[in-house]
Amino acid sequence: MTEVLRVEKLHKSFGDHEVLRGIDLVVAKGETIVILGSSGSGKSTLLRCLNFLELPSAGRIALHGMALGRVAGEADGAPQVRYAERELCRVRARVGMVFQQFNLFPHMSALANVMEGPRTVLGLGRAAAEARAREELARVGLAERANAYPAHLSGGQQQRVAIARALAMQPEVMLFDEVTSALDPELVGEVLRTMRELSEGGMTMLVVTHEIGFAHAVADRVIFLHEGRIHEEGPPGEVLVRPRQPRLREFLSGFSQFKVPDLEAAP
């Protein structure tokens with residue numbers, strides 16, 4: 001196993017409210033991990049800490065074996081770490097993130113949206129950035145929509161542009177935070193197909209979702225968060241079919257069946 005990401009004793013609090021209460025997690029290269037949990041369990045906060053959109057309150061995060069930041073104390077038995085902004089910028093370029101909302105620039109074409117990061121953050125020239133952007137748009141099935149503006153794209157197409165935009169930074173890890181929850185049901189499948197293709201292509205992925213069928217069909221490992229802790233984890237055939245913990249059984253009871261979305265490529 002080639003370790004890409006390691007999380008040790010990760011805590012995150014907002015004032016007196018502790019959201020994450022000591023997360024330990026090791027992610028292998030090429031692994032797809034689906035994170036489940038009820039509202040308020042800490043799923044999105046965990047992803048935002050891994051991308052440093054939120055700074056952890058305590059704990060350590062390492063990429064490819066290199067611990068990030070500088071230890072400056074201890075809290076709750078976990079190290080408190082200080083981070084330099086320059087280091088965080090480098091990490092955010094290496095850990096891509098796609099959100100529930102597409103956050104595309106409305107005045108830019110799909111191509112220009114995908115080019116923006118490589119040009120402004122990575123310093124690529126226009127020709128190189130455009131070539132990379134076209135490659136990633138083709139990867140998500142939108143080569144022919146490169147010149148379209150967000151207002152002329154469906155929600156599913158906009159989300160695939162957002163995925164292409166993250167991929168254009170050539171990240172080592174991709175984080176997906178409820179990326180289908182804002183879509184009409186008929187558009188969910190096209191985004192999940194793109195994500196499955198990324199997983200099958202060897203992309204390391206952590207996915208927060210309520211698409212249980214997708215988790216069952218695509219995940220290598222499923223993690224269930226409850227009250228800021230990993231409550232249960234394991235292969236989807238075990239965690240989703242034979243859950244050990246009563247809280248996870250209760251959570252899954254809200255899903256009448258594992259309806260697997262149509263993940264086959266559209267004709």
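**Contacts, cores and sheets**

Reader: Which residues does Met195 touch, not counting residues up to four places away in sequence?

Author: Met195 touches Ile163, Phe176, Val179, Met205, Val207 and Phe214. Contact means heavy atoms within 4.5 Å. The model is a predicted one, where local features need pLDDT of at least 70 and side-chain atom pairs count only at pLDDT 80 or more, while totals for chains, interfaces and linings use all residues. Residues are numbered from 1 along each chain as its sequence is written, and side-chain values use heavy atoms, with hydrogens and water left out.

Reader: What makes a set of residues a nonpolar core, and which members of the largest one touch the most other members?

Author: A nonpolar core is a set of buried Ala, Val, Leu, Ile, Met, Phe, Trp, Tyr and Cys residues joined through side-chain atoms within 4.5 Å. In the largest, with 49 residues, the ones that touch the most other members are Leu137, Ile163, Met174, Phe176 and Met195. Another core of 31 residues lies apart from it, and its members include Leu10, Val27, Leu47 and Leu88.

Reader: Why is Asn113 called buried?

Author: Buried means under 20% relative accessible area (exposed is over 50%, partly exposed in between; 1.4 Å probe, protein chains only). Asn113 has a relative accessible area of 1%, so Asn113 is buried. Asn113 lies in helix 3 (residues 110-120). Leaving aside residues up to four places away in sequence, Asn113 touches Leu104, Phe105, Met108, Pro150, Val161 and Arg165.

Reader: Why is the pair of Phe224 and Phe251 called tilted?

Author: Rings of Phe, Tyr and Trp (its six-membered ring) pair if their centres lie within 6.5 Å; planes under 30 degrees apart count as stacked, over 60 as edge-to-face and the rest as tilted. A search of the whole structure finds 2 aromatic pairs. In this one the centres are 5.3 Å apart and the planes stand at 50°, so the pair is tilted. The pair links distant parts of the chain, with Phe224 in strand 11 (residues 221-226) and Phe251 in helix 9 (residues 246-252), 27 residues apart. Helices (H or I, at least four residues) and strands (E, at least two) are DSSP runs, numbered from the N terminus. Phe224 and Phe251 are both buried.

Reader: How do you know that the charged end of Lys12 sits over the ring of Phe14?

Author: The rule asks for NZ of Lys or CZ of Arg within 6 Å of the ring centre and within 35 degrees of the ring normal. The charged end of Lys12 is 5.0 Å from the centre of the Phe14 ring and sits over it.

Reader: What makes strand 8 and strand 9 a pair?

Author: Two strands pair if DSSP finds at least two bridges between them. Strand 8 and strand 9 have 4 bridges in the parallel sense, so they pair. Val98 has Phe176 in strand 9 as its bridge partner. Both strands belong to an open sheet of 6 strands in the order 8-9-10-3-11-12, with mixed pairing.

Reader: Why are strand 8 and strand 12 called edge strands?

Author: Strand 8 (95-98) and strand 12 (229-234) each pair on one side only.

Reader: How are strand 1 and strand 2 paired?

Author: Strand 1 (residues 3-14) pairs with strand 2 in the antiparallel sense over 9 bridges. His11 stands opposite Arg21 in strand 2. Their open sheet has 4 strands in the order 2-1-4-5, with antiparallel pairing.
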